[in-house]
Amino acid sequence: MKKIRLYTPGPCAVPEEVLLEMARPFEHHRTDWFKGFMKQVREKLREVVQTKNEVLVITGSGTAAAEAAIVACNPPGSKMLTIEGGKFGQRWGEIAEQYGFDVIRHEIEWGTAIDPKVIADYLKKDPAITVVMLTHSETSTGTLCDLEAIGQITNAAGKLLIADCITSAGALPLKPDAWGVDVVITGAQKSLMLPPGLGFVSVSDRAWKVIESNKKQHAYYLNLISARKSAEKNDTPFTPAHLLIRGLNKALDILLEDGMEAVWKRVASMAAATRAAGEAINLKVFSKRPSDSVTAFSCPEGIKVPDIRNGLQSRFGIQSAGGQDHLKGKIFRIGHMGYVDEMDTILAIAALEQVLYTLGHKFNLGAGVTAAQKVFAERMK
Ligand SMILES: *Cc1c(COP(=O)(O)O)cnc(C)c1O
């Protein structure tokens, strides 16, 4: 028997109902039916992303949505500051460079979060900076930054803030409007419980002003102005990814049935249980400021990451993630996003104990599961 159990921090497990929805016959998109359908999806998206702003649907993965935002928010004369503490933060600086935009790429140690004061200092020292871009939950290291504090700083300075919320929107507390996040980017295959292929961008009024002033729109396909024009008519500028949007509607229903507060609580519990379990079985959390959507553990000495991951996969069908770039072989990651719940977390911890035990790691078998059980039981009180 081969049961697939996805604990990767993207793509994440998709509910059966969503998969079934996408298996149904579909209709043409230039129809009243599709327009009515898109109208509902737009409303639900705003609720899940917790913004009153339009959430534009982009065909492409999360990176496509981010590229659309970077291109739109960097008119001639602009200057972007990127905060890079992992694989994804780096990507945004790379995109800006590739387009020849003026960009300051501030690197921080992987596994740490930016101190908001550092951003305040940059903005004070260099008034030419017009936009700041960073990753809220850096999936590659399992690290969360203080987006609320950063939003206060960029807002007070009158600068745009673009946040990659690909593993925070729909999983972690996020209040873009109250926090002053101008552009929120997310993607389908993480907390939104869909197969990959859709990206999302929400844009504040302040950011629209900048985008509209941008006479040199570099993008054609990933153009936010055409995306907005169509969205206002419940339409899309190009052929939409029908099946994914059908699935999206279902996935949004599932999230909203619980309500975002409950979703955030569940994700936080799963992460807390996983960290407690790790401590009980002599594993160290890699990040200095852990994100609740994915836990990165440092690999114990004498054990190899591929042996852990292969053991999980071959014995229990569990797919986990390793580290990227210089963290390859140093960390392994378990996600808490998508169609996973508390009991799935217990299962992953039990499996991890089995694999580590076989590999000779020293700990009390069952201690991880017990620690996780305690976290869940306490939170149920
Ligand atoms: C997955 C991820 C991305 C990249 O998204 P793609 O859908 O692979 O293009 C960007 N940022 C973060 C934080 C992610 O987790």
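Me: Where is Pro-11 placed, in terms of the strands and helices around it?

Reply: Helices are DSSP runs of H or I with at least four residues, strands are runs of E with at least two, and both are numbered from the N terminus. In this structure Pro-11 is found in the loop between β1 (5-6) and α1 (16-23). Before we go on, please note that this is a predicted model, in which local features need pLDDT of at least 70 and side-chain atom pairs count only at pLDDT 80 or more, while totals for chains, interfaces and linings use all residues. Residues are numbered from 1 along each chain as its sequence is written, and side-chain values use heavy atoms, with hydrogens and water left out.

Me: What kind of peptide bond joins Gly-10 and Pro-11, and which residues have a positive phi?

Reply: In general, most residues other than glycine have a negative phi, and most peptide bonds are trans. Here the bond between Gly-10 and Pro-11 is cis, with an omega of about -10°. Met-193, which is not a glycine, has a positive phi of about 60°, and it lies in the loop between β9 (183-187) and β10 (198-203). Asn-234 also has a positive phi, near 55°, and its place is the loop between α9 (224-232) and α10 (242-258).

Me: Are Met-193 and Asn-234 buried or exposed?

Reply: A residue is called buried under 20% relative accessible area, exposed over 50%, and partly exposed in between, using a 1.4 Å probe and the protein chains only. Met-193 has a relative accessible area of 4%, so it is buried. Asn-234 counts as buried because its relative accessibility is 12%.

Me: Which residues are the closest to the ligand, and how many surround it?

Reply: A residue is near a molecule if one of its heavy atoms lies within 4 Å of it. The ligand is surrounded by 14 residues, of which the closest are Ser-61, Thr-63, Thr-139, Asp-164 and Lys-190. Helix α4 (87-98) is one of two helices, the other being α3 (62-72), that each supply at least two residues of this shell, and α4 gives the most, with three residues.

Me: What are the distances from Thr-139, Asp-164 and Lys-190 to the ligand?

Reply: A polar side-chain atom of Thr-139 is 2.5 Å from an oxygen atom of the ligand. In the side chain of Asp-164, an N or O atom lies 2.6 Å from a nitrogen atom of the ligand. For Lys-190, a polar side-chain atom is 2.6 Å from an oxygen atom of the ligand.

Notes:
Polar contact = N/O pair within 3.5 Å; in protein donor to acceptor, adjacent residues only side chain to side chain.
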